[in-house]
Amino acid sequence: MTTRVETRTSNGIGTSPVRPDGTLKVTGEFAFSSDLWADRMLWGATLRSPHPRARIVRVDLTGALALPGVHAVLTAEDVPGAKHYGLEHRDQPVLAMGQVRYAGEPVAIVAADHPETARRAAARIGVEYEVLTPVVDSEAALEPGAQHVHEPGNLLRHVPIRKGPQDATAPVVVTGEYEVGMQDQAFLGPESGLAIPAEDGGVELFIATQWLHGDLAQVADCLGLAREKVRLSLAGVGGAFGGREDVSMQVHACMLALHTGRPVKMVYSREESFFGHVHRHPARLRYEHGADETGRLLYVRARIVLDGGAYASTSMAVVANATTLGIGPYRVPSVTMDGYAVYTNNPPCGAMRGFGAVQACFAYESQMDRLAAALGLDPVELRARNALEPGDTMPTGQVVTGPAPVAELLRRVRDLPPAPVSRSDPRELPGGVANTTHGEGVRRGVGYGVGIKNVGFSEGFDDYSTARVRLEVVGGEPAAVVHTAAAEVGQGLVTIQAQIARTELGVDQVTVATADTSVGSAGSSSASRQTYVTGGAVKAACEAVRREVLRRAGVSDGRLAGGKLIDAAGEVVADLVTVLGEEPVEETVEWRHKPTFPIDPRTGQGDAHVQYAFAAHRATVDVDVELGLVRVVEIATAQDVGRALHPQSVRGQIAGGTAQGLGLAVMEEIQVVEGRIRNPSFTDYLIPTILDVPPMRIDVLELGDPEAPYGLRGIGEPPTISSTPAIVAAIRAATGLPLKRVPVRPEHLTGT
């Protein structure tokens with residue numbers, strides 16, 4: 001006899017359960033990679049080049065080896081396998097070979113029994129350099145006759161976009177040249193990890209990273225080991241934002257561990273971290289927009305030059321994003337655009353939140369404001385008049401499918417009540433508690449920005465994730481274990497995986513196993529892709545488990561909920577514990593989204609991207625025009641997330657991304673002079689504090705994407721993209737100044 005009962009599983013999709021790592025991180029009890037420890041552990045340190053470009057004439061290890069407590073000093077000659085690594089193009093030496101190409105490049109590594117001993121030993125390594133003139137200007141690097149950073153030349157990639165007639169004209173034309181400074185990911189946990197030699201001649205590496213299998217491929221090759229002899233496990237990650245996609249100390253720690261036969265831990269100082277990871281590409285952008293008298297865009301012509309620094313990293317993908325997304329979320333019949341990624345002797349640049357779209361958005365949104373002024377139109381109305389809609393085509397010719405609520409997002413932020421004016425407290429004025437102004441020179445401005453970002457890897461990359469799900473009986477209750485290699489870098493992915501398992505399997509007890517390389521690749525925690533792709537893999541693996549459970553129970557069509565099997569008629573037909581018994585069900589699934597395709601190398605045409613995401617911002621600022629001080633008073637934002645799987649985390653991602661966009665707008669820049677970083681510290685590299693981040697109004701739209709798991713849309717990057725131009729537009733509105741460079745500095749506002 002069957003019975004119909006009410007069944008419900010808590011903390012599934014659409015709820016906001018407490019993150020399992022949340023309390024530990026707030027209380028300081030969470031174990032980050034820098035907290036790792038092992039018996040007989042040694043400490044690693046790195047000697048880095050002081051020069052941006054030089055030949056290595058001689059290396060003397062005598063002084064370092066003579067220091068008591070030193071167990072190993074290694075150079076490029078000691079690399080046992082491949083001498084170079086790299087995510088897309090293996091051009092970066094494990095340790096400098098014959099020359100250095102940027103200030104901070106690793107030359108030698110040391111292992112010692114105390115971290116201070118290791119640092120002292122590294123300082124005692126004698127290196128004789130023949131100093132050369134560095135290539136530090138990205139435009140000059142493209143000129144004929146420029147010195148080559150790498151052979152055969154300094155051009156890493158050129159991406160041309162040609163859409164529609166190339167001879168288009170327009171009655172209203174605005175032009176502009178823009179510049180974006182070098183931004184740092186500024187994650188709080190520096191590069192760190194622990195390598196432990198294994199009995200089989202291999203090595204185990206516990207590492208803070210964004211891509212375990214990406215690291216595995218490079219580390220194993222450089223160590224000259226089979227991949228099954230190199231095992232990586234994810235250690236606690238203290239933030240990433242793209243800066244952990246590339247290898248830093250991974251190979252170095254493993255080399256030292258294998259050489260000494262002892263565990264080796266490496267932890268970068270904050271200063272060394274600035275040299276140890278890639279940064280956001282500085283950019284120079286030249287745009288020309290043509291429109292008719294009603295404001296309809298007729299053409300866009302642009303040139304984008306990204307300074308990739310000394311090594312390739314992900315520059316080829318970043319420049320593709322900058323160009324394929326380079327006109328913004330607008331309908332434009334004629335596009336002529338050229339994007340260039342260039343080698344220089346500046347610090348290497350690669351992935352950072354927004355991934356090329358940030359630089360382009362600052363330029364094209366600045367242009368839209370200039371065009372609105374030239375036409376005498378409201379800046380929001382001009383944008384809405386040209387906004388993409390479903391069925392429109394991108395500059396690549398790709399048709400926009402699914403919701404594209406660009407105009408709606410803009411109007412939502414515009415129609416919110418204005419920010420209140422309150423200047424009774426000094427903290428509410430530019431300069432804050434410094435009390436440098438009493439409001440006599442303060443003017444208020446409001447500005448808007450809207451942006452577009454692709455989700456996932458593009459251009460035909462085999463972008464997939466693997467999930468293993470086991471359903472079993474534990475302590476008399478049904479329980480699930482989810483195992484993927486997806487890196488939790490602070491975005492809440494561990495929570496999402498558990499929510500999906502609860503929803504699909506109808507159980508409350510879910511464990512997410514530590515991410516490691518014993519399961520198939522999950523790809524990188526970047527490109528706003530993990531919830532989409534790994535979430536899709538977990539969902540698919542759970543569905544496979546559910547099918548097997550139903551088969552065992554003899555049910556052809558049904559679902560699992562509340563620990564029960566429920567048939568298509570809604571009747572409870574079995575208890576899950578009874579069906580499972582002592583035989584767990586386990587399934588492993590590789591899951592892929594719809595395919596993408598390479599773009600034509602001559603025209604840039606092709607269906608390059610999986611999904612597009614959109615966000616809009618309204619910024620309100622107060623500016624003391626006499627002192628050049630800026631206070632962001634309020635930010636309003638609207639974003640379509642498809643479906644909010646964890647609503648609280650969604651809002652947190654939007655707020656956090658907006659704060660990073662604020663940093664780029666008014667304070668964050670790595671100062672590079674003649675190839676050398678001048679401010680490698682959080683004293684001199686400024687990031688927004690709690691006093692700099694204003695109140696935020698966040699409007700979340702859930703317009704489901706029919707092709708995505710649960711209808712979701714990647715959310716991590718869009719808030720960083722459109723917040724920067726909105727803030728700068730507000731400063732322009734307050735000051736009347738053109739402001740063509742970010743970050744905006746006081747001297748840009750006062751003319752000093």
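The model is predicted: local features need pLDDT of at least 70, side-chain atom pairs count only at pLDDT 80 or more, and totals for chains, interfaces and linings use all residues. Residues are numbered from 1 along each chain as its sequence is written, and side-chain values use heavy atoms, with hydrogens and water left out. A search of the whole structure finds 46 salt bridges. The structure holds zero disulfides. The cavity count comes to four of 30 Å³ or more.

**Sheet**

- Helices (H or I, at least four residues) and strands (E, at least two) are DSSP runs, numbered from the N terminus.
- Six strands form an open sheet, in the order β9-β17-β16-β15-β10-β31. Its pairing is mixed.
- Strands β9 (155-163) and β31 (741-742) are the edges, and each pairs on one side only. Two strands pair if DSSP finds at least two bridges between them.
- β15 (residues 283-291) and β16 (residues 297-309) run antiparallel, joined by nine bridges.
- Arg286 stands opposite Arg303 in β16.

**Salt bridges**

- Side chains of opposite charge can pair when their charged atoms come close. Here a salt bridge is a side-chain nitrogen of Lys or Arg within 4 Å of a carboxyl oxygen of Asp or Glu.
- Lys25 and Asp21 meet through their side chains in a salt bridge (2.9 Å, N to O). Lys25 counts as partly exposed because its relative accessibility is 28%. Asp21 counts as buried, at 9%. The cut-offs are under 20% relative accessible area for buried, over 50% for exposed, and in between for partly exposed (1.4 Å probe, protein chains only).
- Arg331 forms a salt bridge with Asp392, and the closest N and O atoms are 3.1 Å apart. Arg331 lies in the loop between α8 (315-324) and β17 (334-343), and Asp392 in the loop between α10 (379-385) and α11 (406-415), so the pair ties together parts that are 61 residues apart in sequence. Arg331 is partly exposed at 29% relative accessibility, whereas Asp392 is buried at 15%.
- Arg383 and Glu365 also meet in a salt bridge between side chains (2.8 Å, N to O). Arg383 sits in helix α10 and Glu365 in helix α9 (residues 357-375), so this pair ties together parts that are 18 residues apart in sequence. Arg383 is buried at 0% relative accessibility, and Glu365 is buried at 1%.

**Cysteines**

- A disulfide is a pair of cysteine sulfur atoms within 2.5 Å.
- For Cys222, the closest cysteine sulfur is in Cys254, 10 Å away, which is too far for a bond. Cys222 is buried, with a relative accessible area of 0%.
- Cys361 is in no disulfide, and the nearest cysteine sulfur, that of Cys349, is 19 Å away. Cys361 counts as buried at 0% relative accessibility.

**Pockets and cavities**

- Rolling a probe the size of a water molecule over the atoms shows where empty space is left.
- On a 1 Å grid over the protein atoms alone, a cavity is a set of points where a 1.4 Å probe fits but cannot get out, and a pocket is an open set with protein on both sides within 12 Å along at least five of seven lines; lining residues have an atom within 4 Å of a point.
- Grid points are joined across faces, edges and corners, and a volume is the space filled by probe spheres set on the points.
- The second largest pocket holds about 880 Å³ of space. Its lining has 36 residues, and Gly431, Val630, Arg631, Met667 and Asp692 are the closest to its centre.
- β27 (629-640) and α15 (647-666) each supply at least two residues of that pocket's lining. β27 gives the most, with five residues.
- The largest cavity has a volume of about 170 Å³. It is lined by 16 residues, of which Tyr85, Gln92, Tyr102, Val247 and Gly276 lie nearest its centre.
- The second largest cavity has a volume of about 80 Å³. Of its 14 lining residues, Thr401, Lys594, Val610, Gln611 and Tyr612 are the closest to its centre.
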